[in-house]
Amino acid sequence: MATPAIRMFRRLEGLFCVYKPPGVHWKLVRDTIETNLLKGINATPPQALPHEVRFLLQPSSDPEAPKGLTLTAASVPALSKHPLVTGPEFQHIRVGVGHRLDASSSGVLVLAVGNGNKVLNDFYQTQVTRDYTLEGEFGIASHNFSDTGRIVERSTYDHITLEKLERVLAVLQGSNQKALLTYANVDMSSQEAYEMAAQGLLGPDGKSPPIMTGLRCIRFQPPKFTLEVQCINETQKYLRKVVHEIGLELRSTAVCKGVRRVRDGPFTLRDALTRHHWSAADVMQAVRQNHASKETEKKPRSPAERPVAQTREDRETVTSQGDRQEKLLHHKSWFQHKK
Amino acid sequence: MTMASACVQLCLRCRSPVCTKAGASTWKIYTQLQRCISTTRIPTNISSGLFSTRDHRTVQSGVRWKQEMCYYNGLMVKYLTTEAKDRKQTDELSRSDAVVPQNPLLPNTEALLTTESHTSLADLDAPELSPLEEISSEEAISISVPSIPPMSTTLSDYVDASETLTKLVQLGVNLFKLEQRPNVGSMLLRLDFDREVAPRLLFLKDIGVEDSRFGHIISHNPFILTESLENLEARVNYLKSKNFTAETIASMVSRAPYLLNFSVKRLDNRLAFYQQQLKLSASNTRNIVARLPRLLCGSLEPVKENLQVCKIEFGFKENEIQHIVIAVPKVLTANKRKLTQIFDFLHNTMKVPHSLITKFPQTLNCKFLRLRERHLFLEYLGKAQYDPTQTNYISLDRLVSLPDEAFCSEVALASLEDFDFFQKTL
């Protein structure tokens, strides 16, 4: 028999994503979510106490009664099942965290509740790509590649132009593309490899060093610049290092001022719950929405139905699709070249 | 260990006289008792009485032991005691058809020997009740199956049986939380409601604490039930002598449950510390203590540390600290790291001068994330202007204390969705 709390928990099970603010450890985010969910679940009306039959001692009115003892059967609520005695119905909830974000970075963090943890595992075994925006600044180098670290070097950046930056980015992307093929674990001259590449499925099999599948500059206002990166198996520290290396490549130095994840697999900024919405009700809605979107994904959508890119998030998802097509083209030309 | 083994022996010896009628159930009790003694949960006088008599008068001691065991049960369940007496009577009646002597209270070495040598046989020989045999309802009542385990990790086994615990649950005491604290569970079990709990509750009621707060107070401080009434009275009188009004004392006690568990000397120490360290007037000291009675309960070290942080690290002047503390006493007990984080952001990022922070000390009390996201939002909108002498001034008070909806509509003049979107760009 399912109590209201269990029913509510069943509705919470699944995947959802939150927006992790910068400067907060992901464990704290997870724990906050867990306590909020527990609070919501345990706030459901408790079940009525079961009654049990007990023999109560009655002060016998007439002294003639044998030994002055009469026991009467009475049905009283069993206090041993009272929520104040047994404690709240749920004391722990399994909340799993997807690909981590370190303390100083922000962005989409995927979380799973209950059974969702299994789905989460499967989800990360499929090697999804993630989108990041990196805020960089030329002219400084710090010991941990971020702007909060100890500054170890200063340099000029007047000579850097957008063209030079893009050339460096293109070189970087090219070398990463090569790495992608080496770690793909298929014979490059086979039909299988061609078909996988044509579908855009070519990628590292299991563990691999971080690989950036896409890299471009979306804002260039020296000394500040913003990069957009799609990558696999990355850590935030690696991305900061990439910014640092771009700076060195341009005969200057650069620090990363912020790492922000805007997409993790199918989870985009739009689905992410901000700090004020980390309550059980909002999480339930997000889980349901995620579930519904998965259902609709299974059905093929006609191209005419595809929504026009309006917001920034939309554009980002579209670019990731465009990126895939670009990659596909790249592979085709590569194959022609081989022939 | 010796005690436990002695008990096992004793149990074996006095098993046969009593395991005739209510055989199964009494045997259960004995095995339970063994465990009891090995965990020393029964009063010590039982075991001591037992050891003094065990050499010669084993049967008798066994009987007495049984009585005491009933007493032990009665410790937890009052009404069970009488039933146990009943059961003893039936036992004594049933002894007539058992192999043991008629008068068990007389020491009889012969009987002792027989019972000792035939412990297992006596069990089989005794005319046991068939499980299919029908018994009358009076008999059914007289057979009581003890449902209370002698030891348990949770209080829920005893709640239905113990009058004290039942009443405490009805008061709204969170037993689940209390039983997780060491020794609190057994302390609560040992309490007698009418003699120990009720007078203290009445005392709390007398000083003006509302009934609905009792659950909260006892959930947080169960030890108030073991504090002597004279002590409690002395502490309340002390507070009264310091010119706290009756209502203030009531609200202080209900908000800081541990307040009355501290000695008068300690309370006096605390009050003197705040008055001298902050150079406050008597009425101001009373004021901050009344608003945050926790100050009198906690350790003074973190408070001293916070004062040093304010003075040396933040660079507040003494009168500024005084003003801040009078307005927001919570600054004294706040986490030092969080306080530093907020001040750092206020002073170095938002460029708010000390004088303005002193004017709005509640900014030091707010959440860091909330302050940061609101400031950055205002900065993004070009409205972050906290200087009261210039136009478009936004007061720090409104910045931190308004709820999100009001902040967006009144201060930022933007919609809540915009604020939400903005947070996702941080």
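B:Lys367 is exposed in this predicted model, at 60% relative accessibility; exposed means over 50% relative accessible area, with a 1.4 Å probe and protein chains only. The residue lies in the loop between H24 and helix H25 (368-381) of chain B. Helices are DSSP runs of H or I with at least four residues, strands are E runs of at least two, and both are numbered from the N terminus. B:Lys367 also belongs to a surface patch of positive charge, together with B:Arg294, B:Lys330, B:Arg337 and B:Lys338. Patch members have over 30% relative accessible area and no salt bridge, and like charges are joined within 9 Å. A salt bridge places a side-chain nitrogen of Lys or Arg within 4 Å of a carboxyl oxygen of Asp or Glu. Charge positions are taken at NZ of Lys and CZ of Arg.

Two residues of chain B other than glycine show positive phi. For B:Lys351, phi is near 60 degrees. This lysine sits in the loop between helix H23 (336-349) and helix H24 (354-359). B:Lys351 is exposed, at 63% relative accessibility. For B:Leu413, phi is about 55 degrees. The loop between helix H27 (404-412) and helix H28 (416-423) holds B:Leu413. This leucine is exposed, at 60% relative accessibility.

In chain A, a cis peptide bond links A:Pro222 to A:Pro223, with omega about 10 degrees. A:Pro223 falls in the loop between strand E9 (211-221) and strand E10 (224-232).

Residues are numbered from 1 along each chain as written, and chains are lettered from A in the order in which they are written. Local features need pLDDT of at least 70, side-chain atom pairs count only at pLDDT 80 or more, and side-chain values use heavy atoms, without hydrogens or water.

Terms used
Buried means under 20% relative accessible area, exposed over 50%, partly exposed in between (1.4 Å probe, protein chains only). Patches are made of residues with over 30% relative accessible area and no salt bridge: like charges are joined within 9 Å, nonpolar side chains (Val, Leu, Ile, Met, Phe, Trp, Tyr) within 5 Å. Accessible areas come from the Shrake-Rupley method with a 1.4 Å probe; for residues, only the protein chains shown count as cover. Lys and Arg count as positive and Asp and Glu as negative; His and the chain ends are not counted.
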